[in-house]
Amino acid sequence: MSGTPASRHHARTGAVLACVVAVSVAVPSGRAAAQLAPASFADLAKQPGEPQIPNLKIVYLHPLGNREEARHWKYIIVHQTEGPAGSAYSLAQQQFKNPTKRGVTIWVEIDGTVYWSVAETAIPTHGDGANRNDNKYVDNTKTYRSVVKTNSLGVEFVGNYPDVRNPVSAEQMKAWLTLLPFLQERYSIAADNVYAHNWIDFKDRRYCEGCDLGSAARKLGYVPGKSAAAASQAR
Ligand SMILES: [Zn+2]
């Protein structure tokens, strides 16, 4: 799928797995994000490089930079790829090679591993222009033609193939609810600004893309910390 010779692909996969193992050893176990003091989690969320989020396997194909340079992210749109299990790394790698292609910044495998594919300042092409205007799921007056790729960080979940109605795995949902506070904190994004793709664009009728994930995000209701909120108001 990636066009990479099998031997090289396996070598790279091995390197990534080795990286994940090393990371899991380095991260103290049993310290959930919610259990950390708010200030320390907020500090973690501001870091450049490859910050490791407690209880999450995250692999950075491209490191984070200065978050002040990524202030364009006002919303998060959650997607499902309609692709098979096992494809997240390959898709992230393709995005890494061509950051503005159709796709997103973050890809989540069915085992819950998160791949951050491109610089956080890059604008991958996702969404369909926020064309939904029927208020079926959310108030679309707040989204119509305004929640678009230039201001929305995209997260894709793989694995709803061959049946698009396959729900995300328990590991993916856990990873989402662990990753999301980090993203909300880093970019000062309220839970009300997290959208399932199907909530903002007219998608096909076979299933509701991203809806379980979007609903879980709203239910979690994470509020970015005071320092992040103050920074947001100061902008
Ligand atoms: Zn989508």
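# Briefing: core, sheet and loops of a predicted model

The largest nonpolar core of this protein holds 47 residues, and those with the most contacts inside it are Ile-76, Trp-107, Val-108, Val-114 and Leu-179. Helix H4, which spans residues 170–187, gives the most to this core, with seven residues. The structure described here is a predicted model.

**Overall plan**

- The protein contains seven helices and six strands.
- Read along the sequence, these elements follow the pattern α-α-β-β-α-β-β-β-α-β-α-α-α.
- Of the 235 residues in the protein, 39% are buried.
- Among contacts between residues at least 6 apart in sequence, 70% join residues that are at least 24 apart.

**The core around Leu-179**

- Leu-179 is one of the residues with the most contacts inside the largest nonpolar core.
- When its neighbours within four places in sequence are left aside, Leu-179 is in contact with Ile-53, Leu-56 and Val-114.
- Val-114 is likewise among the residues with the most contacts inside this core.

**The sheet**

- Six strands form an open sheet in the order E1-E4-E3-E5-E2-E6, and their pairing is mixed.
- The edge strands are E1 (58–60) and E6 (194–196), each of which pairs on one side only.
- On average, neighbouring strands of this sheet are turned by 20 degrees against each other, direction ignored.
- Strands E2 and E6 pair in the parallel sense over three bridges. Within this pairing, Val-78 has Ala-196 in E6 as its bridge partner.

**Strand E5 and its partners**

- Which strands run parallel to E5? Strand E2 is joined to E5 by six bridges, and the two run parallel. Strand E3 is joined to E5 by three bridges, and these two also run parallel.
- Tyr-75 stands opposite Ser-152 in E5, and Trp-107 stands opposite Glu-156 in E5.
- How many of the six residues of E5 are buried? Six of the six are buried, so E5 is largely enclosed by the rest of the structure.
- In a regular strand, the side chains alternate between the two faces of the sheet.
- Both faces of E5 are covered. Ser-152, Gly-154 and Glu-156 lie on one side, Leu-153, Val-155 and Phe-157 lie on the other, and all are buried.

**Helices on strands**

- Helix H3 lies across strands E3 (106–108) and E4, and runs at about 170 degrees to E3.
- Helix H6, comprising residues 211–220, packs on the sheet and touches E2, E5 and E6. The direction of H6 makes about 155 degrees with that of E6.

**The loop between E5 and H4**

- Pro-162 lies in the loop between strand E5 (152–157) and helix H4. The peptide bond from Tyr-161 to Pro-162 is cis, with omega near 5 degrees.
- Arg-165 is found in the loop between E5 and H4.
- Is Arg-165 buried or exposed? Arg-165 counts as exposed because it has 9 C-beta neighbours inside 10 Å, and the exposed class covers residues with 12 or fewer.
- Not counting residues up to four places away in sequence, Arg-165 touches Arg-206 and Tyr-207.
- Arg-165 and Cys-208 are 43 residues apart in sequence, and their C-alpha atoms are 8.0 Å apart in space.

**Loop residues with positive phi**

- Glu-82 is found in the loop between strand E2 (75–80) and helix H3 (88–97). The phi angle of Glu-82 is near 60 degrees, a positive value in a residue other than glycine.
- Glu-82 counts as partly exposed because it has 18 C-beta neighbours inside 10 Å, whereas a buried residue needs 20 or more.
- Asn-135 lies in the loop between strand E4 (114–116) and E5. The phi angle of Asn-135 is near 55 degrees, a positive value in a residue other than glycine.
- Asn-135 has 13 C-beta neighbours inside 10 Å, and therefore counts as partly exposed.

Terms used:
Residues numbered from 1 in each chain as written. Predicted model: local features only at pLDDT ≥ 70, side-chain atom pairs only at ≥ 80, totals over all residues. Core = buried A, V, L, I, M, F, W, Y, C linked by C-beta atoms within 7 Å. Helix = DSSP H or I, 4+ residues; strand = E, 2+ residues; numbered from the N terminus. Contact = placed C-beta atoms within 7 Å. Pairing = 2+ DSSP bridges. Axes fitted to C-alpha atoms, helices over the stretch in contact; angles between N-to-C directions.
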